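Me: I would like to learn how to read a model of this kind from its coordinates, one feature at a time. Could you take me through it, giving the general idea before each case?

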Amino acid sequence: MKQIKRIFTALLAACTLAAASGCNGDSASSSQIIGGADGPTSIVLTNDPRPAEGGEEKVLNIFTWATYFPDDILAEFTEQTGIKINYSNFSSNEEMLMKLEAGGEYDLVLASDYIIDIARGENLLAQLDQSKIPNFGNINPAFQGKFYDPENQYTVPYAAGIPLLIYNPDMVDFEVKGFEDLWNPAFADSIVVMDDARNVIGLTLKTLGKSLNETDPAVLDQAKEKLFSLKPNIRALDYDSPYNLMLSGETAIGYMFTSQIITALNENPNLKVVFPEEGLGFGIDSCFIPAQAPHPDNAHQFLDFILDGQRSAHITDQIYYISCNSAASEYLENQALVIPDEAIEGAEFMQDVGSATQTYNDIWAEFKLQ
Amino acid sequence: MNKRQNRFPAAAVPFLLWTVVFVAIPLIYILCMSFLKRAQTWGVVAEFSFDSYARMVTPTYLKVYAQSMWLAVLTTLFTLLIGYPFSYFVSRLSERRRSLVLLLVVVPFWTNSLVRIYGWMILLRSQGVINTLLIALGVIETPLKLLYNFGAVLVGMIYALLPFMILSTYSAIEKLDPSLVEAARDLGAGRWRAFWTVTVPMTRAGIMAGCVLVFIPSVGLFFISDLLGGAKTMLLGNLIKNELLTARDWPMGAALSVVMMAMTLLVIGIYQKCSGERGLEGIL
């Protein structure tokens, strides 16, 4: 009995510690139910669990980042169709794939290009039935036929993003042209970049005239050396809210994702956006239906719903990414960021680099330890 | 030996089941995982290897452990230097004031620690409370760079973990019989001598418990270094998170977790040796 008491005390101690140290991640991945509480009509409809004509239960399980699908779009879908939406969120693509592989029952997943490519290799995607998506033709062909879905069989592109430089002209006395300017001693201790190995090593590779997806150890070694010389200029690494540092005057220049650039510009229109002359990185977030989806018909219905031009424009105006929908352009209200066509043309996709990921990660760890 | 005492207690079954399912099996799973290999794109290859452990002794990783340990040691030291005198004076207060002060120590726990760390960011940033105040008072002209450095991380760590130190040292100091200190003084010991030879040894268990409670979480509290240090430092906690989620190298993440657990056990071992306690009851 003494023994058991001792084990119990030890366990209690361990739990206390775990609770004390583990308050970070989990709050981001809880589930919530959206829709159904917005008006009397939707309440009546969601309380009706009878299967639709196809025999499918009136439920749609969506899995993506928090708030990536705007709330009003989800509520409108529920109101119109009576399909109740369960919105679960993940905080990283990798978390998504882990949960999907572990048998998570999701009907519609919205995630990034490279992870969709991996999921496709693992046979986790279901082929889309385009006859159930009349609005499929609205998709801008510029965002189709990419490496993760060359035949457009599995995915519907939702939004595209390009990380860009943004700087505060009040704090800089020269014009910033590209990534190389980050190494300028004038930026000592005043740069914020995302806390992300691939993106930051990627921009370093670009200054060397190499690909974002370089796997050659010799080239990566060269990039590592160059990256290390950037350390004195780095004020902070921030993945989630780098615009705060730009807005509070903490940093003079930042490298961040499209939505974050637009957020910063909305607050301070004097900030200047730079399309780096060395070339751009590019990414597309797309929707797919998992092979094991319990309600694929509802998912098709939802895809068609969001591909409607007006609705798609409404989404783009709220999420601050680049629209992938040709039919949406005439309805767009927020024109804060128009990326020149030639910049997009030269942009390079960031793809999975297989086991070189380890090298990238090690360089990143060493960079931080500098 | 009494036969009745040896009988397996039925009441312990749910607890044992819980331990096996939620503690033993996951631990064994992590241990096994750490000896596998990363697959090219996703998942692991069922192939026995020491690769992860071999990679762990490279200079980069050794530096991560050193940095984590250094931060943990400093945090423990500072919380002790602040927490012990604090507890000492609280124990001298009247009963009513004492419980009020202890309540105030615990109150911040009612708020999420992440939110409290954001509070520190508002205080420390260049247009933050401290800088604005100093500029308004004419003490400085350009804002001080208070945020995004090692000092800011240390302040955040001490702030987050101080209550653990205060509560454990307080419970030890409170139990101390003041007449023992008086006896030492009567027998000619000076203030300091009485403190070092009577008070400190008598409260050693509380001090050690506080150190363990501060040291162990401080190795893993990576969000504080991410937010206040601008993610420029790499701690063991960050490394494990990166290996699992970014590099998708589960065996490496598992191996690092095994090392972290070994480090924790080592600290608890030292605690047991120094405090003379065999279990961990003293901590609670």
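Reply: Let us begin with contacts: two residues are in contact if their C-beta atoms, placed from the backbone, lie within 7 Å. In chain A, of the contacts between residues at least 6 apart in sequence, 76% join residues at least 24 apart. This is a predicted model, in which local features need pLDDT of at least 70 and side-chain atom pairs count only at pLDDT 80 or more, whereas totals for chains, interfaces and linings use all residues. Residues are numbered from 1 along each chain as its sequence is written, and chains are lettered from A and ligands numbered from 1 in the order in which they are written.

Me: Which residues have the most contacts inside the largest nonpolar core?

Reply: A nonpolar core is a set of buried Ala, Val, Leu, Ile, Met, Phe, Trp, Tyr and Cys residues joined through C-beta atoms within 7 Å. The largest one here has 151 residues, and those with the most contacts inside it are A:Leu108, A:Val109, A:Ile166 and A:Ile201. Its largest share, 13 residues, comes from helix H8 (residues 150–175) of chain B. The core also draws at least three residues from each of domain 1 (7–159 + 285–329) and domain 2 (164–279 + 340–369) of chain A, the domain bounds coming from an automatic or database domain assignment.

Me: Where do the two domains of chain A meet, and which helix gives the most to the domain 1 side?

Reply: With the domain assignment of chain A giving domain 1 and domain 2, the contact takes 10 residues from domain 1 and 8 residues from domain 2. Helix H5 (residues 113–121) of chain A gives the most to the domain 1 side, with 4 residues. The buried residues of H5(A) are A:Asp113, A:Tyr114, A:Ile115, A:Ile116 and A:Ala119, and they pack against several elements of chain A, including helix H4 (93–101), strand S4 (108–112) and strand S11 (281–288).

Me: How should I read the angle between two packed helices, and what is it for H6(A) and H7(A)?

Reply: Axes are lines fitted to C-alpha atoms, for helices over the stretch in contact, and angles run from 0 to 180 degrees between N-to-C directions. Angles under 35 degrees count as roughly parallel, over 145 as roughly antiparallel, 65 to 115 as roughly perpendicular and the rest as oblique. Helix H6 (residues 197–207) and helix H7 (residues 217–228) of chain A pack at about 105°, with their axes 9 Å apart, which makes H6(A) roughly perpendicular to H7(A). The contact is made by A:Ile201, A:Thr204, A:Leu205 and A:Thr207 of H6(A) and by A:Ala223, A:Lys226 and A:Leu227 of H7(A). Leaving aside neighbours within four places in sequence, A:Ile201 is in contact with A:Ala223, A:Leu227, A:Tyr360, A:Ile363 and A:Trp364.

Me: At roughly what angle do H4(B) and H8(B) cross?

Reply: The axes of helix H4 (residues 59–92) of chain B and H8(B) come within 7 Å and cross at roughly 45°, so the two helices are oblique to each other.

Me: What should I look for in the phi values of loop residues?

Reply: Most residues other than glycine have a negative phi, and most peptide bonds are trans. Against that background, A:Thr67 has a phi near 65°, a positive value; A:Thr67 lies in the loop between strand S2 (59–64) and helix H3 (71–81) of chain A, and counts as exposed because 12 C-beta neighbours lie inside 10 Å. A:Asp189 has a positive phi near 50°, lies in the loop between strand S6 (164–167) and strand S7 (191–193) of chain A, and is partly exposed, with 15 other C-beta atoms within 10 Å. Just after H5(A), A:Asn123 takes a positive phi of about 60°.

Notes. Buried ≥ 20, exposed ≤ 12 C-beta atoms within 10 Å, placed from the backbone.
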